[in-house]
Amino acid sequence: MKKFIIDGGVRLHGEVKVSGSKNSCLPIMAATLLAPGKHLIHGVPKLGDIHTMMQILRVTGASVDWYKGAEESRLKDHTLIIDTSEVNNSEIPYEIVSKMRASFLVTGALLGRLGSAHVARPGGCAIGHRPIDEHLYGFKMLGAQLEEKHGYIHAKGNSLVGTEIHLNEQSVTATENILLASVTARGKTHIINGAKEPHIIELINFLNSIGTEIELENDIIMINGRSSLDQLHPSEYEISADYIEAGTLMIAAVITNGDITLIRARWEDLTALITKLQEIGATLEKTNNGIRVKKNNVSKPCSIKTSPYPGFPTDLQPQLTSLLSIANGTSVVTETMFEQRFNHIPELVRMGAQIEVDGRSAVINGVQSLSGAQVMASDIRGGAALVLAGLSAKGKTEISRIYHIERGYEGLEVKLRGLGANIKKV
Ligand code: EPZ
């Protein structure tokens, strides 16, 4: 099993290019199933989750490969060619879905393309039990027949009809799944109280690039259904920067009292984090193609409460918790989105953090500095939080089970070494 070994205490400095957004890529790869033909997707990060989604598309009959052609700048080795002309299988087996919950996103696209989908019900994961009731509710509202047996969701619907769908939870993948299924539903569909994360906007942009008519107007996603698939066509699309990776690297700069510039990071995706980092004492500024972050003083404490976009993102809560562990005072972190997203805390405590968890809240009494230790990652963002703690801790930190981290970050140790960190993968 691979590990990260970090010698902490180095102040990060320099420039780093942010990779493409994982959580934009996954629904967009599913969306290519709707438009038969050859799609070119640029800026795709090379991650475990992306490889799983490539496997799923192949199971449906599509062909998927990394572009190996001329090294023109745009087509540098992060371009996927996805040919969905021959999609004919709508059964996605458990052994694939159990690797990644987001596999369930192909349900909506398969319903739209083939009129049926047989997808294993996704399990929970380290951060919570992750229900899919909102997804199923949306499909039912569009007129799909749903049946569940032997752990599979069987959805049928050759002639879905657009309607008004009001979500209870602003669920990201439920919004995405319903969007995908509604593209070929007859008439208009309105999704009310849908999620509005940057990756939802990106999916809407991609869907409009293949010929759908979707707009977001005062918080309602409005879809004009296409009457037939031949109104849709393949497209070429460039994925935007991953704002969760950018946020993670921004916190790396702050926790090491460094000064870094993130190329491609978009200020408007990260305003909730930026506000908090300024409160903590960092200086942030927009550059012509990214964001510069620097800090050179003791971190002040602050409190956060996670909520759907544009609130503070749950996917940056573990990373900020690491930073607040060495703030000069007491902070409170409240995690409203998932019931189990504090797995990183016992590991931070092993590094000397003083944190008390009480239900959905964690009270952090900042300490002067953390000390390196052997710790274990148990999910993508919790693992990233341990890397950040290791960068700032005195001495050596050894992080095991880093496959969790590599599901969501492409070459994190390479990026950090490029900024001066003393980190290696063994
Ligand atoms: C997406 O997960 C992201 N994954 C997660 O990122 C992210 O943490 C989460 O959104 C919140 O932003 C992808 O985009 C692939 P949810 P998702 O459905 O859509 C409740 C990462 O690190 N809910 O928005 O599965 C649920 O219990 C991953 O990249 C229902 O009640 O999350 C939770 O409390 C981790 N019923 C809340 O909504 C449903 O049918 C948010 O879950 C669905 C969700």
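The model is a predicted one, in which local features need pLDDT of at least 70 and side-chain atom pairs count only at pLDDT 80 or more, while totals for chains, interfaces and linings use all residues. Residues are numbered from 1 along each chain as its sequence is written, and side-chain values use heavy atoms, with hydrogens and water left out.

Serine 171 is placed in the loop between strand E10 (164-166) and helix H6 (172-182), where helices (H or I, at least four residues) and strands (E, at least two) are DSSP runs numbered from the N terminus. A polar atom of the serine 171 side chain lies 3.0 Å from the backbone nitrogen of alanine 174. Leaving aside residues up to four places away in sequence, serine 171 touches His135 and Ala195, contact meaning heavy atoms within 4.5 Å.

Serine 103 belongs to the loop between helix H3 (94-97) and helix H4 (106-114), and with 0% relative accessibility it counts as buried. With residues up to four places away in sequence again not counted, serine 103 touches Thr52, Met53, Ile56, Ile96 and Val97.

Burial also marks helix H1 (residues 22-31), of whose ten residues ten are buried, so that H1 is largely enclosed by the rest of the structure. Among these buried residues are Lys22, Asn23 and Ser24.

Turning to the sheet, four strands form an open arrangement in the order E4-E5-E3-E14, with mixed pairing, where two strands pair if DSSP finds at least two bridges between them. Strands E4 (63-66) and E14 (236-238) stand at the edges with a single partner strand each, so one side of each is left without a neighbour in the sheet. E4 pairs with strand E5 (residues 80-83) in the antiparallel sense over four bridges, and serine 63 stands opposite aspartate 83 in E5. Helix H2 (residues 48-60) lies across E4 and E5, running at about 150 degrees to E4; axes are lines fitted to C-alpha atoms, for helices over the stretch in contact, and angles run from 0 to 180 degrees between N-to-C directions.

Finally, the axes of helix H8 (residues 243-255) and helix H10 (residues 317-324) come within 10 Å and cross at roughly 5 degrees, which makes H8 roughly parallel to H10, as angles under 35 degrees count as roughly parallel. Ile244, Thr248, Ile251, Val254 and Ile255 of H8 meet Gln319, Leu320, Ser322 and Leu323 of H10 in this contact.

Technical notes:
Buried means under 20% relative accessible area, exposed over 50%, partly exposed in between (1.4 Å probe, protein chains only). Angles under 35 degrees count as roughly parallel, over 145 as roughly antiparallel, 65 to 115 as roughly perpendicular and the rest as oblique. A polar contact is a pair of N or O atoms within 3.5 Å; within protein, one must be able to donate a hydrogen and the other to accept it, and residues adjacent in sequence count only if both atoms are side-chain atoms.
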